[in-house]
Amino acid sequence: MKIAVLFGGDSMERDVSIASASQVVGALRSRGHQVIAYDSGRGRLAPADEQRLFAGKIDKRPPDQKSVSSLPTVVSAPDLADVDLVFLAMHGGSGEDGTVQALLDLAGIPYTGSGKLGSALGWDKDVAKRLFVAAGVPTPDWLMAPISSSAAAQWLGFPLIVKPNGQGSTVGLTLVRTPPELDAAIELAGRFDSQVMLERYVDGRELTVGILDDQPLAVGEIISNTGPIFDYAAKYQPGGAEEIFPADLTPEQTEKIQSLAVRVHRALKLDVYSRVDFRMDSDGHFWCLEVNTLPGLTEASLLPRAAQAVGISFPELCERICRGALARHGGKPKK
C-alpha cells in the first residue's frame, strides 16, 4: 500500500505525535509498504528532514503553545491525493477532535482511527463521561467550572482533579488537595481549553485497556514514579513510570475491566482501535477516567505494550490498524 503518515498538528502533544510517527513510518516500511512522512505544518518531508526530525526526543514538558504549527488544509495537498490510506499519528487538538477526520471524509481519503463523530465524542471529556454513564460504565463524579470551592467540596470533596475538558497527556491537569488551591488550578486548565472539568479523585491503581478490532487486549497497570498522577513527564521520560503487562488482576477482574472498556469503545462509536483508562479503588471497583481515540504509538507506548503482551508485534499492530481502516472505509488498496 501507499500510506501517508500524517503527524504534527496544532496541539501541545506535537512532540508525542512526532515520536509516534517516527516509529510508525519505520514499522510500515518494514512490512513492505511505500510510506511518506507528512508533517501537517510543513508538508511532505524530504529524507534528510525526516531523519533530522525523527531523531529528536520528547521533552519533559509539552511544547510552548507558540511553537506548535498551525494546521493547513492538508487534504488539498497533491501528495495525499493518490495514497491508499492516511495513517493518523496525531495527538490532541484538531488532529484528534474530529476536525482532520471531517476534512479527510470530505476529500474521500481513507484514514486510520475513529471517524469524526467518535473522535469528537472521545475528545470532549464531559460528553464522553455522560456516555459512560448511559452505557452503565462507572466514572468518577464531575462538575464543570465555574464553581465555588464550597460547592466543589460538597459535591466532589477534596482532593479532586482539575483538567481541561479537551486536552490529552494530562496537560494542564492538577491534583487539588485543599480549597485554596482550586482557583489557580482552574486558571491553569483554562489556558489549554475554554471548558474546565473538576472530577472526584479516585485513589487507587492506574489501569488501561487497549482495544483492537473491537476486542480487548491485555490489561496494563501503570505505576508512576513522579507522584500519584501519571503525568506528562511520567508518560514520556525514561524511568518515569513502571508499566506492567498483563496487570496483576484476578481472571474475574480482568474480564470485568475488559468488558467495561469494550462497552466504552462501542458507546462512543469508535473504530478499529482505542485505549480506555481506569482507576481501581481499594474496594476493587473500576472507574473509567477517559478514552483515547488516537493513543500513542511508539513501541514503548501503552497500546503497543498491550498488543505485545498478547503476541502482536508493533509492525503487525500498525498493519492491522491500516487493514481495519481500509475495511471500515469499504476500500481496497489502489494498486
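**Talking through the predicted model**

Colleague: At 14% relative accessibility, does S301 count as buried or exposed?

Modeller: The cut-offs are under 20% relative accessible area for buried, over 50% for exposed and partly exposed in between (1.4 Å probe, protein chains only). Bear in mind that this is a predicted model, where local features need pLDDT of at least 70, side-chain atom pairs count only at pLDDT 80 or more, and totals for chains, interfaces and linings use all residues. S301 has 14%, so S301 counts as buried.

Colleague: Which side chain makes a polar contact with the side chain of S301?

Modeller: S301 sits in the loop between strand 13 (286-292) and helix 11 (302-308); helices (H or I, at least four residues) and strands (E, at least two) are DSSP runs, numbered from the N terminus. Residues are numbered from 1 along each chain as its sequence is written, and side-chain values use heavy atoms, with hydrogens and water left out. A polar contact is a pair of N or O atoms within 3.5 Å; within protein, one must be able to donate a hydrogen and the other to accept it, and residues adjacent in sequence count only if both atoms are side-chain atoms. At 2.8 Å, the partner of S301 is T298.

Colleague: In what order do the four strands of the open sheet come?

Modeller: The pairing is antiparallel, and two strands pair if DSSP finds at least two bridges between them. Strand 5 (142-144) and strand 7 (174-176) each pair on one side only, as the edges. The order is 5-8-6-7.

Colleague: Helix 8 runs at what angle to strand 6?

Modeller: Helix 8 (residues 182-190) lies across strand 6, strand 7 and strand 8. Axes are lines fitted to C-alpha atoms, for helices over the stretch in contact (heavy atoms within 4.5 Å), and angles run from 0 to 180 degrees between N-to-C directions. For helix 8 and strand 6 that comes to about 25 degrees.

Colleague: Which residue in strand 4 stands opposite A4?

Modeller: Strand 1 (residues 2-7) and strand 4 run parallel, joined by four bridges. Strand 4 (residues 85-88) is covered on both faces, with L85 and F87 buried on one side and V86 and L88 on the other. Opposite A4 stands V86.

Colleague: How is helix 1 oriented against helix 12?

Modeller: Helix 1 (residues 14-30) and helix 12 (residues 314-328) have axes 9 Å apart, at an angle of about 85 degrees. Under 35 degrees counts as roughly parallel, over 145 as roughly antiparallel, 65 to 115 as roughly perpendicular and the rest as oblique. So helix 1 against helix 12 is roughly perpendicular.
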